[in-house]
Amino acid sequence: NAPTVQVSSNAMSNCGVGVYVTTTVLGTVSGNTVVVGNAGGDSTTGIFCFPVCTGLTISGNQIFDVTYGISMKTSSEVAGVVIENNDISATTNGVYLFLETGNTVSNNTITDAQFGVNGISGNTLSGNTYKTVTTLTK
């Protein structure tokens with residue numbers, strides 16, 4: 001059977017990583033609220049996927065006060081990750097793709113960030129809203 005994940009409708013606070021997905025072929029992370037604050041130290045993440053992120057949909061989450069809103073870093077495969085309709089604020093990087101390719105980032109609202117979407121090469125971006133963001137895409 002293919003590894004799957006579903007993490008929905010949770011509230012997390014005062015942690016280093018709100019949701020950490022380790023391996024997925026299909027799955028969703030949706031409707032969660034993550035408020036990290038200073039509890040995680042210098043590098044905190046709302047939703048993080050490592051090392052396999054294929055077929056993951058991250059949608060409808062509210063993420064506040066983190067270094068990385070949504071981030072992925074893979075050592076093997078990534079493709080078809082959909083990051084949509086999330087509200088991310090008070091962050092250094094709203095969405096950080098680590099130059100992983102073949103993913104879609106759409107209809108997210110990113111507020112009070114240094115970078116809106118970082119590592120965009122080879123990915124599809126559309127319909128994102130940026131408010132008080134220093135660099136929209138990189």
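In this predicted model, six strands form an open sheet in the order S1-S4-S7-S9-S11-S13, and the pairing between them is parallel. The edges of the sheet are taken by strand S1 (4-8) and strand S13 (124-126), and because each of these has a single partner strand, one side of each is left without a neighbour in the sheet. From one strand to the next, the twist averages 10°. As background, the strands of a sheet pair through backbone hydrogen bonds, in either a parallel or an antiparallel sense.

Strand S11, which covers residues 104-106, pairs with S13 in the parallel sense, and three bridges join the two. Within this pairing, Thr104 is the residue that stands opposite Thr124 in S13.

From the sheet we turn to the cysteines. The structure holds one disulfide, and this link is formed by Cys49 and Cys53, whose sulfur atoms are 2.3 Å apart. The angle about the S-S bond is -120°, which gives the link of Cys49 and Cys53 a left-handed sense. Both partners, Cys49 as well as Cys53, are buried.

Cys15, by contrast, is in no disulfide, and the nearest cysteine sulfur, which belongs to Cys49, is 17 Å away; a pair counts as a disulfide only when the two sulfur atoms are within 2.5 Å. Is Cys15 buried or exposed? Its relative accessible area is 17%, and since buried means under 20%, Cys15 is classed as buried.

Terms used. Residues numbered from 1 in each chain as written. Predicted model: local features only at pLDDT ≥ 70, side-chain atom pairs only at ≥ 80, totals over all residues. Heavy atoms only, no water. Pairing = 2+ DSSP bridges. Helix = DSSP H or I, 4+ residues; strand = E, 2+ residues; numbered from the N terminus. Axes fitted to C-alpha atoms, helices over the stretch in contact; angles between N-to-C directions. Buried < 20%, exposed > 50% of the residue type's maximum accessible area, 1.4 Å probe, protein only.
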